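Please keep the sequence at hand while reading.

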Amino acid sequence: LGCRADGDPPPSTRCARDGAATRGRGSRAVSRADAGRYLCRATNRHGSAVRSVLVTVECEWPRGGAGN
(Lines give C-alpha, C1' and ligand atoms only; values in the text may rest on other atoms or scores of the structure.)
Protein backbone atom coordinates (compact mmCIF):
# COMPACT_ATOMS: atom_id res chain seq x y z
CA LEU A 1 0.00 0.00 0.00
CA GLY A 2 1.57 3.25 -1.08
CA CYS A 3 1.42 6.43 0.93
CA ARG A 4 1.79 9.85 -0.74
CA ALA A 5 1.71 13.33 0.74
CA ASP A 6 2.61 16.87 -0.33
CA GLY A 7 4.05 19.57 1.89
CA ASP A 8 6.74 22.21 2.38
CA PRO A 9 9.19 20.85 3.25
CA PRO A 10 8.22 17.57 1.59
CA PRO A 11 7.16 15.09 4.28
CA SER A 12 8.50 11.63 4.85
CA THR A 13 5.79 8.97 4.66
CA ARG A 14 5.27 5.60 6.27
CA CYS A 15 2.50 3.09 5.92
CA ALA A 16 2.02 0.44 8.60
CA ARG A 17 -0.41 -2.39 9.25
CA ASP A 18 -1.17 -3.29 12.85
CA GLY A 19 1.84 -1.28 14.01
CA ALA A 20 4.37 -3.04 11.74
CA ALA A 21 5.90 -1.55 8.60
CA THR A 22 4.56 -2.98 5.35
CA ARG A 23 6.65 -4.93 2.89
CA GLY A 24 8.68 -3.18 0.20
CA ARG A 25 7.06 -1.40 -2.72
CA GLY A 26 6.40 -3.02 -6.03
CA SER A 27 3.60 -4.99 -7.53
CA ARG A 28 2.78 -8.42 -6.21
CA ALA A 29 -0.22 -10.66 -5.80
CA VAL A 30 -2.55 -9.71 -2.97
CA SER A 31 -4.12 -12.30 -0.70
CA ARG A 32 -6.79 -12.23 1.97
CA ALA A 33 -3.98 -12.18 4.54
CA ASP A 34 -3.24 -8.60 3.39
CA ALA A 35 -6.63 -7.37 4.58
CA GLY A 36 -6.71 -5.15 7.66
CA ARG A 37 -6.35 -1.61 8.95
CA TYR A 38 -3.40 0.37 7.64
CA LEU A 39 -2.13 3.68 9.05
CA CYS A 40 -0.40 6.10 6.72
CA ARG A 41 1.62 8.86 8.39
CA ALA A 42 3.22 11.93 6.76
CA THR A 43 5.71 13.90 8.86
CA ASN A 44 7.79 17.05 8.39
CA ARG A 45 9.16 19.68 10.77
CA HIS A 46 5.72 21.30 11.05
CA GLY A 47 4.02 18.18 12.37
CA SER A 48 2.36 15.05 11.13
CA ALA A 49 -0.91 13.83 9.63
CA VAL A 50 -2.30 10.31 9.92
CA ARG A 51 -4.96 8.54 7.90
CA SER A 52 -6.45 5.15 8.61
CA VAL A 53 -7.53 2.91 5.73
CA LEU A 54 -9.44 -0.35 5.99
CA VAL A 55 -8.38 -2.76 3.23
CA THR A 56 -10.58 -5.71 2.31
CA VAL A 57 -9.69 -8.43 -0.18
CA GLU A 58 -12.77 -9.95 -1.79
CA CYS A 59 -11.20 -12.23 -4.39
CA GLU A 60 -7.98 -14.19 -4.46
CA TRP A 61 -6.61 -15.82 -7.61
CA PRO A 62 -4.99 -19.22 -7.13
CA ARG A 63 -1.26 -19.31 -7.84
CA GLY A 64 -0.69 -19.83 -11.56
CA GLY A 65 -4.31 -18.81 -12.26
CA ALA A 66 -5.74 -16.01 -14.38
CA GLY A 67 -4.47 -13.29 -12.04
CA ASN A 68 -0.78 -14.19 -12.44
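## Strand pairing

In this predicted model, strand 1 and strand 3 pair in the antiparallel sense over six bridges, and one point of contact between these two strands is given by Ser 12, whose bridge partner in strand 3 is Thr 43. Strand 3 also pairs with strand 4, which spans residues 47-55, again in the antiparallel sense but over nine bridges. Here Arg 37 has Leu 54 as its bridge partner in strand 4, and strand 3 and strand 4 form a hairpin with two residues between them.

In a regular strand the side chains alternate between the two faces of the sheet.

## Overall composition

The protein has four strands and zero helices, and read from the N terminus its elements follow the order β-β-β-β. Of the contacts with a separation of 6 or more, 38% are accounted for by residues 24 or more positions apart.

Of the 68 residues in the protein, 16% are buried. The accessible surface of the protein comes to about 5,500 Å², and carbon and sulfur atoms hold 49% of that surface.

## Cysteines without disulfides

How many disulfides does the protein have? The count comes to zero disulfides, and Cys 3 illustrates the point, because its sulfur is 3.9 Å from the closest cysteine sulfur, that of Cys 40, which is too far for a bond. Cys 40 is likewise in no disulfide, although the sulfur of Cys 15, its nearest cysteine sulfur, is 3.2 Å away; the cut-off that matters for this reasoning is that the two sulfur atoms must be within 2.5 Å.

Are these cysteines buried or exposed, taking Cys 3 as the case in hand? Cys 3 counts as buried because its relative accessibility is 16%, a value under the 20% cut-off. Cys 40 is buried as well, with a relative accessible area of 10%.

## Leu 54 in strand 4

Leu 54 is found in strand 4, and its relative accessible area of 53% is the reason why it is classed as exposed, since the class begins over 50%. Leaving aside residues up to four places away in sequence, Leu 54 touches Gly 36 and Arg 37, and Arg 37 is the residue with which Leu 54 also forms a bridge. Leu 39 lies 15 residues from Leu 54 along the chain, and the C-alpha atoms of Leu 54 and Leu 39 are separated by 8.9 Å.

With a relative accessible area of 8%, Asp 34 is buried, and a polar atom of the side chain of Asp 34 lies 2.9 Å from the backbone nitrogen of Ser 31.

Asp 8 and Pro 9 are joined by a cis peptide bond, for which omega is about 0 degrees. Pro 9 has its place in the segment before strand 1, the strand that covers residues 12-17. As background to this bond, most peptide bonds are trans.

Terms used: Residues are numbered from 1 along each chain as its sequence is written. This is a predicted model: local features need pLDDT of at least 70, side-chain atom pairs count only at pLDDT 80 or more; totals for chains, interfaces and linings use all residues. Side-chain values use heavy atoms; hydrogens and water are left out. Buried means under 20% relative accessible area, exposed over 50%, partly exposed in between (1.4 Å probe, protein chains only). A polar contact is a pair of N or O atoms within 3.5 Å; within protein, one must be able to donate a hydrogen and the other to accept it, and residues adjacent in sequence count only if both atoms are side-chain atoms. Contact means heavy atoms within 4.5 Å. Accessible areas come from the Shrake-Rupley method with a 1.4 Å probe; for residues, only the protein chains shown count as cover. Two strands pair if DSSP finds at least two bridges between them.
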